[in-house]
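Take a walk through this model with the chain at hand.

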Amino acid sequence: MLAIPYLGPQGQPLTIRFRCLQKHQHREYGHGKYNTVAGDPPRMYGVDSIHAAGDEIHLTEGELDRIVLRKIGWHSVAVPGVEMWFARHRRMLAGFSRVWVWSDPDEAGSKLTTKVCRSLRSAKPVRLQRGDVTETYIAGSEQALIDAMEAAA
Ligand SMILES: [Zn+2]
């Protein structure tokens, strides 16, 4: 499995989540597509960006989308799905004048967008049409993400 370390502001490991990279029915092998250490509290991924960002920050649905936005230089955090967005996450992002929300273009994604936008007045949804952040990046490179953000502004 791909190990995804959750690092704190000083780069210290807080937890590790795991993503199975096999294209099979994960449940038949006794695990999920994503796997969390048992008993670990749900965390926001990439919290070092909260300290490093300026007035604005990006929020993605899933760790790998956050990695794509960081790769092009944007400070970002991620929550792995709508069930993982909690009030303490709202407080962590409350100081930003703009929080760009990059949910997946599906039903679960629109639930996340709705939940985040209801709890943060600074939240602004970015509409993706070709797929999630990673798929959009692969299809149209950095410019496709810039275009999507400009369309949302
Ligand atoms: Zn699997």
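Along the chain, the donors of the zinc ion follow the spacing C-x3-H-x1-H-x4-H. Keep in mind that this is a predicted model. The protein donors are Cys20 through SG, His24 through NE2, His26 through ND1 and His31 through NE2. They lie 2.0 to 2.3 Å from the zinc ion.

Now look at the geometry. The 4 donor atoms subtend angles of 100 to 122 degrees around the zinc ion, so the arrangement is tetrahedral. Four donors count as tetrahedral if all angles lie between 85 and 135 degrees. The ideal angle for four tetrahedral donors is 109.5 degrees.

His31 has a relative accessible area of 15%, so it is buried. His24 is at 22% relative accessibility and therefore counts as partly exposed. The cut-off for buried is under 20%.

Arg27 sits in the loop between β2 (13-19) and β3 (34-36). Its relative accessibility is 70%, so Arg27 counts as exposed. Leu145 is 118 residues from Arg27 along the chain, and their C-alpha atoms are separated by 33 Å.

The largest nonpolar core has 18 residues, and Trp85 and Leu93 touch the most other members. Two or more residues each come from β4 (56-61), β5 (76-79), β6 (98-102) and α4 (107-119). What is Leu93 in contact with, leaving aside its neighbours within four places in sequence? The partners are Met44, Ile50, Ile57, Val77, Trp85, Val99 and Leu120. Another core, of 13 residues, lies apart from the largest one; Leu69, Val133, Ala148 and Met149 are among its members.

Note on methods
Residues numbered from 1 in each chain as written. Predicted model: local features only at pLDDT ≥ 70, side-chain atom pairs only at ≥ 80, totals over all residues. Heavy atoms only, no water. Donors = N, O, S within 2.8 Å, 3.2 Å for Na, K, Ca; no water. Tetrahedral: all angles 85-135°; square planar, octahedral: opposite > 155°, others 65-115°. Buried < 20%, exposed > 50% of the residue type's maximum accessible area, 1.4 Å probe, protein only. Helix = DSSP H or I, 4+ residues; strand = E, 2+ residues; numbered from the N terminus. Core = buried A, V, L, I, M, F, W, Y, C linked by side-chain atoms within 4.5 Å. Contact = heavy atoms within 4.5 Å.
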